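Good morning, colleagues. Please look at the sequence and the structure as they come up, and I shall then take you through them.

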Amino acid sequence: MSECAIKKVTEISGEEVKKISEWIDTKEYAEKNFAREALVINPAHACQPLGAQLAAYGFEGTLPFVHGSQGCASYYRSTFNRHFREPAPAVSDAMTEDGAVFGGQNNLFEGLENAYTLYKPKMTAIFTSCMPEVIGDDLNAYIKNAKQKELIPADHPTPYANTPSFSGTHIHGYDAMLKAILADLSAGKKAEGKCSGKLNLLPGFDGNVGNLREYKKILAALEIPYVLQADISDTMDSPLDGKYNPYPGGTRLEDAAEIVNAKATISLQKYSTLNTMKWVKAECSGSADVLPLPFGVKKTDQFILKLSELFDKPIPESLKAERGHAVDAMTDAHQYLHNKKFALFGDPDYLLGLVSFLLEMGARPYHILCSRASKKFTKEMQALIDESPYGKGCNIWTNKDLWHLRSLLATDPVDMLIGDTHGKFAARDTNTPHLRVGFPIIDRVNLHRSPIVGYSGAINLLTQIANKFLDIKDDTCEDRFFEMMR
Ligand code: SF4
């Protein structure tokens, strides 16, 4: 009994803390950690509604509406606010105990009426937190009832998505909300024989507004008419001009609705647009393709060649020159990355992109950790690392969390960790350099404005990685190796 007694923190001696700190870095502890089944410690993902909110931000005049708890809504808002360093407007109908017992219809009625009257959105995108999902609130019926009672106009767009947080991650919530918005806006708009002649580009869940601007730059260079669906580039990075605009930017609703009559739709993130693309294939008249995120030269080539082929456009000299600059920069920097070992964690599409880029650079993506992934993802990742000699011996860890990652870094170390801010604790504990990539990045500035897709993105990414290694060398080398030239 005395062995199991809980000790107050103040009663734990420095010696005991040291002993445990050393023990959690051992292989013996790692084995116990990896045998863990019923507990997740620091997962490398957020919950579904957070993703739904990002999809909602991508549309003109759209107010994200959380049907559920206020605390959950604050979590999504503060995460976006900290990552983008921008206001992140959203409302919640603030369900509490009575809503949990009697259902949240009254909360939704009051919330919708107030939000519509006060904030005058063009569209209200509704999604759920855990509580209404647990009790099984019928959103479809509630919204219909709200319109019948004339709390909001009958023609006000109110796409909704069920985003239960106890399954999936933020990428699944993004997918569900995106599909709901596109289906709602385009309902009844499909016209036989009509073709808008445009490309619909789906960037997927991406917290890097620079990436979205990079896509626009590539499409403009190729002179392809396009609609960037769920375009958060201005919503989440609006100019500071002294005036507050609650709805800057976003895809115009009329443009989004025309997806059903588009010439082509391309998604650049397979796993965060899985259901949206199933809907596109079933409901839209143009071609539908899913391409990998264009990280590195090979995947960017694939993206640009596909665009050129679909729209019968020659590759412009400006893009050819950009490609040449990227190849030049990679050649200049390859010796700093060659054979270096990396650990990576993040969303499936980002991981596939980053691994492809590292293999191109002759680097080894040694630990690849995805905290929720399907067997399909594992197979795809395995095929990718099998393509390159640098993938030999690399390990894929799916459905593992950041506490597992800590054990990996402690017992089988790497030269650098790549992932979002949440990786900083494992990196610090194990003395591993950490490059912030992904979402959220809340302890460094402006990385979300610097593209890492396309040829320019490849240059940015390799510059950040190579210079980090060089900084470490200058900071830590002995005086006799401290050189001007690196
Ligand atoms: S996991 Fe559930 S309770 Fe937690 S923030 Fe997400 S929706 Fe709210």
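How many bridges pair strand β3 with β4, and in which sense, parallel or antiparallel? The model before you is a predicted one. In it, β3, residues 123-128, is joined to β4 by 2 bridges, and the sense is parallel. Within that pairing, isoleucine 126 is found opposite tyrosine 160 of β4.

Let me turn to the sheet itself. It is open and has 4 strands, in the order β2-β1-β3-β4, with parallel pairing. The edge positions are held by β2 (91-92) and β4 (160-161); each has a single partner strand, so one side of each lacks a neighbour in the sheet. Helix α6, residues 105-119, packs on this sheet and touches β1 (62-67), β2 and β3. The direction of α6 makes about 160 degrees with that of β1.

Next, the ligand. Around the ligand are Cys47, Pro49, Ser69, Cys72, Tyr75, Ser129, Cys130 and Ser165. That shell comprises 5 nonpolar and 3 polar residues, with no charged ones.

Finally, the domains. The chain is divided into domain 1 (48-186), domain 2 (199-316) and domain 3 (318-479). Between the centres of domain 2 and domain 3, taken over C-alpha atoms, there are 24 Å. Domain 2 brings 28 residues to their contact, and domain 3 brings 30 residues. On the domain 2 side, the elements that give two or more residues are α10 (209-221) and α13 (296-310). Of these, α10 gives the most, with 7 residues. By class, this side of domain 2 has 13 nonpolar, 9 polar and 6 charged residues.

Terms used. Residues numbered from 1 in each chain as written. Predicted model: local features only at pLDDT ≥ 70, side-chain atom pairs only at ≥ 80, totals over all residues. Near = placed C-beta within 6 Å. Nonpolar A, V, L, I, M, F, W, Y, C, P; charged D, E, K, R; others polar. Pairing = 2+ DSSP bridges. Contact = placed C-beta atoms within 7 Å. Axes fitted to C-alpha atoms, helices over the stretch in contact; angles between N-to-C directions. Domains from an automatic or database assignment.
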